Amino acid sequence: MKIAVEKGQAKSLLTDGQQNVSITDIEEGSSEHKQIPFFAVRFENEDGYISHRFYQSAAGMPAIIGLFEAVGIQVEEGKELDTKQLIGKELTIEVGERSYTDPETHNERTLKQAVNFIVS
């Protein structure tokens, strides 16, 4: 079997702890279980990458606002945020793990993700 390695796939996941990164890609989708819209951000540096989903929900808005503010984009009530503005922005993130129960299988899953967005 031949497996094609596409652009950006040759890097490994970032190690846990603080990482200085750039936002290199944004993908949009909706959650598998409840169809909640999200955008997935690819945080990358020379050592690797990590992807993190930001859900467009009441519970997810603090993280979305924190991300935009961390890269210097002002958030104003009544105005829309454009995820395209995030591409190329630099910031410091903390990489760590989070466990949760999968709603379909009821099995515990652990994700490596970005947390604590800090202005670079």
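How many bridges join strand E1 to strand E2, and in which sense do the two run? Eight bridges join them, and E1 and E2 run antiparallel.

Before I continue, a word on the basis of this talk. The model is predicted, with local features requiring pLDDT of at least 70 and side-chain atom pairs pLDDT 80 or more, while totals for chains, interfaces and linings use all residues. Residues are numbered from 1 along each chain as its sequence is written, and side-chain values use heavy atoms, leaving out hydrogens and water.

Helices (H or I, at least four residues) and strands (E, at least two) are DSSP runs, numbered from the N terminus. Two strands pair if DSSP finds at least two bridges between them.

Let us return to E1 and E2. Aspartate 25 has arginine 42, in E2, as its bridge partner. The two strands form a hairpin with six residues between them, and glutamine 35 in that turn has a positive phi of about 60 degrees.

On E2 and E3, the pairing is again by eight bridges, in the antiparallel sense. Phenylalanine 39 is bridged to phenylalanine 54 of E3, and two residues link E2 to E3 in a hairpin.

Leucine 67 touches (heavy atoms within 4.5 Å) residues including Phe39, Phe43, Phe54 and Leu91.

How values were computed. Lists of a residue's contacts leave out its neighbours within four places in sequence.
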